[in-house]
Structures are given as C-alpha cells and as structure tokens.
Amino acid sequence: MPSTIVTLTLNGTERELIARPSTTLLDALRETFGLMGAKRGCGQGGCGSCTVLLDGRPVVSCLIPVVTVDGSAVETIEGLADGDRLTDVQQAFVDHFATQCGFCTPGMIMSATALLDREPDPTRQDVAEAICGNVCRCTGYEPIITAVLSAAARRRAAARADV
Ligand code: FES
Ligand code: FES
C-alpha cells in the first residue's frame, strides 16, 4: 500500500507526516517527531509505557496505526508542562517519589491526567483502574496512587480557591 499524508494536532500544534500503513503512532512520535517521552516497552499493548492521549483518551500508541489518527488531537508527556512549570500530576509524582527508573512514568502520568480530567474526585479504586494498563516494575504502585490522589485533592482545592 502507498504512503499516506497524515495531519494531526500534536501537543496543540498542527503537524504532518508521510506514513506507511505499518507506521504506528508510537513510531511517528519517536522517529518522525523526535518526542521520546512515550516509551517502547513491550510493543504489544501490554505495558502501557507508550500511553498518550488521543482526543483526550489514553491509548497505547504502539498498537495504533498512525494513518487512523488523521485529523485527531494527540497529547504526549512533552505537551503537559508549561516551560519549567509542571502540571499538578507531574508535581505530585515528584513530591511523592512516584518514579524510580522512570520508564513507566510518562505513560502513568498520561493515564492519571486523563483520569483527573474526567473525574476530579477519584477514589483509590478509580486510580487503580485508571493505571491498571500501566506496568511499573519499581515502585509497587502505592506512591503512584498516593500521588494521583494528592494531585486530585490539590486540583479541587485550587478550584475552590478560584471561586
Ligand atoms: S509499548 Fe505499548 S503497551 Fe507496551
Ligand atoms: S518507575 Fe521504574 S518501571 Fe515504574
């Protein structure tokens, strides 16, 4: 099959690439656009290290042919911070030591970000379910869950202060 021109909004900016049918979204992010935050772990949809947001929903980018996301919005870990200013979720991961080797961290943060965007007051179970597709070999998950709950609490407090 011939290559196709794909247009997508990547971290808020319209970008274009020429893709073969076999090119995954993860390939495009890392190899075409040089965004190395999403990691290639298993390459089979099982570890979540390649998680990004596709039109606001977390997806494993290693399983998605990039030609299928033409016209979509993709957000990666690189699109979250505002300069040196981390998002509340990123800051909570730092504050609660929720990252060790860091390989799972971008995917974890994208899954957590999607959760808090749709559920401002998640339960512990909600957080566990939101990150159940993200494998972490280092932390034992507890600090990650604590970080996400803490970010949610901080975001709710900030929203109350704004009223
Ligand atoms: S690299 Fe995509 S799920 Fe493991
Ligand atoms: S921090 Fe090492 S895999 Fe999660």
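How many residue pairs are in polar contact between domain 1 and domain 2? The count is 4 residue pairs, both members being at pLDDT 80 or more. The legends below refer to a predicted model.

**Figure 1. The two domains of the chain and their separation.** The domain assignment divides the chain into domain 1 (4-79) and domain 2 (88-162). Between the centres of domain 1 and domain 2, taken over C-alpha atoms, the separation is 22 Å. Domain 1 brings 16 residues to the contact, and domain 2 brings 12 residues.

**Figure 2. The surface buried between domain 1 and domain 2.** The size of an interface is often expressed as the accessible area lost when the parts come together. Here the buried area is about 1,100 Å², with 69% given by carbon and sulfur atoms. Of the area that domain 1 buries against domain 2, Thr-51, Leu-53 and Ile-77 supply 43%, more than any other three residues. Between domain 1 and domain 2 there are 0 salt bridges, while 4 residue pairs are in polar contact. On the side of domain 1 that touches domain 2, strand E3 (residues 51-54) gives the most, with 3 residues. The residues on that side of domain 1 comprise 5 nonpolar, 8 polar and 3 charged.

**Figure 3. Asn-11 in the loop between strands E1 and E2.** Asn-11 is placed between strand E1 (4-10) and strand E2 (13-19). Most residues other than glycine have a negative phi. Asn-11, by contrast, has a positive phi, near 50°. The relative accessible area of Asn-11 is 26%, so this residue is partly exposed.

**Figure 4. Tyr-141 and Thr-139 in the loop between helices H4 and H5.** Tyr-141 lies between helix H4 (124-130) and helix H5 (142-162), and its phi is positive, at about 75°, although the residue is not a glycine. Thr-139 occupies the loop between H4 and H5 as well. A polar atom of the Thr-139 side chain lies 3.0 Å from the backbone nitrogen of Tyr-141. Thr-139 is buried, at 12% relative accessible area, whereas Tyr-141 is partly exposed, at 29%. Apart from neighbours within four places in sequence, Thr-139 is in contact with Ala-98, Thr-99, Gln-100 and Ile-144.

**Figure 5. The salt bridge between Arg-40 and Asp-27.** The side chains of Arg-40 and Asp-27 meet at 2.6 Å, N to O. Because Arg-40 lies in the loop between helix H1 (25-32) and E3 and Asp-27 lies in helix H1, the pair ties together parts that are 13 residues apart in sequence. Asp-27 has a relative accessible area of 17% and is therefore buried, the limit being under 20%. Arg-40, with 38%, is partly exposed.

Figure 6. In the salt bridge of Asp-95 with Arg-154, the closest N and O atoms are 2.7 Å apart. Glu-142 is partly exposed at 44% relative accessibility, and Arg-124 is partly exposed at 39%.

Methods. Residues numbered from 1 in each chain as written. Chains lettered and ligands numbered in written order. Predicted model: local features only at pLDDT ≥ 70, side-chain atom pairs only at ≥ 80, totals over all residues. Heavy atoms only, no water. Domains from an automatic or database assignment. Contact = heavy atoms within 4.5 Å. Buried area = accessible area lost by both parts, 1.4 Å probe. Salt bridge = Lys/Arg side-chain N within 4 Å of Asp/Glu carboxyl O. Polar contact = N/O pair within 3.5 Å; in protein donor to acceptor, adjacent residues only side chain to side chain. Helix = DSSP H or I, 4+ residues; strand = E, 2+ residues; numbered from the N terminus. Nonpolar A, V, L, I, M, F, W, Y, C, P; charged D, E, K, R; others polar. Buried < 20%, exposed > 50% of the residue type's maximum accessible area, 1.4 Å probe, protein only.
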